[in-house]
Amino acid sequence: GAPPLLLRSSDTAACRRCCDKALSGVSSARMVEGSGWWRTRGRSKLDSMPSAADVGTALGLPGPWEAPKWVWKVAWVMQKRAMPLLHSFDECAPADTCLNLNVLWWKAIAGNRKGSPTYDGGLAYDLLPPVTRGVVQFPLCWAYPNLHHQNVALRTAFIDRVVTERVTRAAAA
C-alpha cells in the first residue's frame, strides 16, 4: 500500500473530505459527493468550487488579481518569451521549457516573499539558474503583480497546510 502520510490517487472520497476540511471557512467550498469538481475545468459556473479569492481568504493570502483576460495573456506570452533568455546561461537547461519550468519560476516569486505564508527561505529560488535568478529575489519578488504565481502560491499554501495536518496527525498516533 501507499505510505501512511500520502493519499492514494484512488482515495477520492478522502481527498474531498480533506479539501472540504481545509476550506471549511469558505461557504462555496461545499463539494458535492461524486461531482468530480476537479474534472470540470473551464465551465462558466461551478457551484461546488470556491473562487480563487475565497481560497485565498481561507489560506490567509490574497487571491490572484482579477485583471482583464488580455493582461493574463500578455503576462503568459512575456513569461514564455523570457524562458529561453532566463536559461541561456544554464548548463542544466531542459530542451523543452514546458509548464513545469514556468511553475518553478512562479514558485520562486511566491517563495521569496518574506512574511508571506508561502515564504520558503529560498528553496525554489536556489533551483533557478544562478546567473538570472536575481530577477525574482527579495525584494523584487514583490514587484510582480499577483497573476500566475499567485495561483501557485495558493496551491502551495493549501498543500503545505494539508501535509502539515497529516504529519501532525500521524505523529500523534
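How many helices and how many strands does the protein chain have? The protein chain has six helices and zero strands, where helices (H or I, at least four residues) and strands (E, at least two) are DSSP runs numbered from the N terminus. The order of elements from the N terminus on is α-α-α-α-α-α. The model is predicted, so that local features need pLDDT of at least 70 and side-chain atom pairs count only at pLDDT 80 or more, while totals for chains, interfaces and linings use all residues. Residues are numbered from 1 along each chain as its sequence is written, and side-chain values use heavy atoms, with hydrogens and water left out.

Of the 173 residues of the protein chain, 36% count as buried; buried means under 20% relative accessible area, exposed over 50%, and partly exposed in between (1.4 Å probe, protein chains only). With contact defined as heavy atoms within 4.5 Å, 56% of the contacts between residues at least 6 apart in sequence join residues at least 24 apart.

Helix α6 covers residues 148-172. Its 25 residues should span 36 Å at 1.5 Å a residue, and the end C-alpha atoms are 37 Å apart, which agrees; the expected span is 1.5 Å times one less than the number of residues. The buried residues in α6 include His148, His149, Gln150, Phe158 and Val162. Helix α3 (69-86) has 18 residues and reaches 25 Å from its first C-alpha to its last, close to the 26 Å expected. In α3, Val71, Trp72, Gln79, Met83 and Leu86 are buried, and the buried residues of this helix pack against α4 and α6.

The second largest pocket holds about 430 Å³ of space. For this analysis, a pocket is an open set of points on a 1 Å grid over the protein atoms alone, where a 1.4 Å probe fits, with protein on both sides within 12 Å along at least five of seven lines; lining residues have an atom within 4 Å of a point. Grid points are joined across faces, edges and corners, and the volume is the space filled by probe spheres set on the points. The lining comprises 18 residues, with Ala75, Met78, Gln79, Ile109 and Tyr144 nearest the centre of the pocket. Two or more lining residues come from each of α3, α4 and α6, and α3 gives the most, with eight. By class, the lining has 15 nonpolar residues, three polar and no charged; Ala, Val, Leu, Ile, Met, Phe, Trp, Tyr, Cys and Pro count as nonpolar, Asp, Glu, Lys and Arg as charged, and the others, Gly among them, as polar.

The structure holds one salt bridge, defined as a side-chain nitrogen of Lys or Arg within 4 Å of a carboxyl oxygen of Asp or Glu. Lys107 pairs with Asp120, the closest N and O atoms being 3.1 Å apart. This pair links distant parts of the chain, with Lys107 in helix α4 (residues 99-111) and Asp120 in the loop between α4 and α5, 13 residues apart. Asp120 is partly exposed, with a relative accessible area of 21%.

The loop between α5 (123-126) and α6 contains Gln137. Gln137 counts as partly exposed at 34% relative accessibility. Residues up to four places away in sequence not being counted, Gln137 touches Asn112 and Tyr125. Gln137 and Ala108 are 29 residues apart in sequence, and their C-alpha atoms are 8.1 Å apart in space. Pro139 also lies in the loop between α5 and α6. A cis peptide bond joins Phe138 and Pro139, with omega about 0°.
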